[in-house]
Amino acid sequence: AAGEVVERPAAAAKELIENALDAGARSVRVRIEGGGLTRLMIEDDGHGMSAEELPLAIERHATSKLAADDDGHVDLLDIRTMGFRGEALPSIGSVSRLAILSRAKGGDAAFEIGVDAGKVDGPKPAAWSGLTSNGTRVDVRDLFYATPARLKFLKGDRAELAACVDAVERLAMANPAIAFSVTADGR
C-alpha cells in the first residue's frame, strides 16, 4: 500500500507539504538530500500537534482533519483539506525512518514520535527549535530502505531532486500567500 501513496520522493514531499498547508502554515521550509531518498525534511509554522495527536497522525486511516458538527456528523461532501484519508504518514513511516517533532499552538512543550520501518517510538518530550513558537517538522530519512526492491524503479538522484523541486514549485504557485524555501543537498 505504501507504494500506491508514496511511489517516489516527490510524492512524499507533496503529501507532507499538503499536511503543512492543512495545518495553517504561513511558512514552509523544505530540505532535500540525495534526491529525497537520503533525507526529506518539511518544516512549517502551522498549528502543530499535541502529544495526544502525534500517535493519531501515524495511525493508518485515522485523521484529525475531519471535524464533526454539533450532532457528531461529518459531511464528506464538504471537505476543506487536501488530505483526510490518513494514508501518507503511515505509508512513509512503513518504508523509511520517520521522525515528527511538533509543538501545538498554545502548548508549553514539544513532542516527538518516530517510526522506523513501521516500528513506533514515542511520543516523548523533545526540545523545540522550530520556525516559530509552534509548528511541525517531519524528517524522513532513508526513504524506501525497508523496501529495497522499490529503489530499482527510481531514477537517479538528480532526476528525483528535479521531481521534488517541481512538486514544491507547483504547491508554491498554487499558494502564493505562503512563504516557501527549498534547500537541496546543502545548497
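Biologist: Is the crossing where α2 passes α6 left-handed or right-handed?

Modeller: Right-handed, meaning that the near helix is turned clockwise from the far one by less than a right angle. Keep in mind that this is a predicted model, where local features need pLDDT of at least 70, side-chain atom pairs count only at pLDDT 80 or more, and totals for chains, interfaces and linings use all residues. Residues are numbered from 1 along each chain as its sequence is written, and side-chain values use heavy atoms, leaving out hydrogens and water.

Biologist: Which residues make that contact?

Modeller: From α2 you have Pro9, Ala10, Lys14, Ile17, Glu18 and Leu21, and from α6 Glu160, Ala163, Cys164, Ala167, Val168 and Leu171. Contact here means heavy atoms within 4.5 Å. They split into nine nonpolar, no polar and three charged; Ala, Val, Leu, Ile, Met, Phe, Trp, Tyr, Cys and Pro count as nonpolar, Asp, Glu, Lys and Arg as charged, and the others, Gly among them, as polar.

Biologist: And what's the angle between α2 and α6?

Modeller: About 25°, with the axes 8 Å apart. The axes are lines fitted to C-alpha atoms over the stretch in contact, and angles run from 0 to 180 degrees between N-to-C directions. α2 and α6 are therefore roughly parallel, which is the word for angles under 35 degrees.

Biologist: OK, what about α2 and α4, at what angle do they pack?

Modeller: About 135°, with axes 10 Å apart. That makes α2 oblique to α4. On the α2 side, Ala12, Glu15, Leu16 and Asn19 meet Ala88, Leu89 and Ile92 of α4.

Biologist: Why is α4 largely enclosed by the rest of the structure?

Modeller: Because seven of its eight residues, in the stretch 88–95, are buried, which means under 20% relative accessible area with a 1.4 Å probe, protein chains only. The buried ones are Ala88, Leu89, Pro90, Ser91, Ile92, Gly93 and Val95.

Biologist: Switching to the core: in the largest nonpolar one, which residues touch the most other members?

Modeller: Val28, Leu40, Leu98 and Ile100, out of 39 residues. α2 gives the most to this core, with seven. A nonpolar core is a set of buried Ala, Val, Leu, Ile, Met, Phe, Trp, Tyr and Cys residues joined through side-chain atoms within 4.5 Å.

Biologist: What is Leu40 in contact with?

Modeller: Leaving aside neighbours within four places in sequence, Leu40 has partners including Pro9, Ala12, Leu16, Ile32 and Val138.

Definitions and conventions. Buried < 20%, exposed > 50% of the residue type's maximum accessible area, 1.4 Å probe, protein only. Helix = DSSP H or I, 4+ residues; strand = E, 2+ residues; numbered from the N terminus. Parallel < 35°, antiparallel > 145°, perpendicular 65-115°, else oblique.
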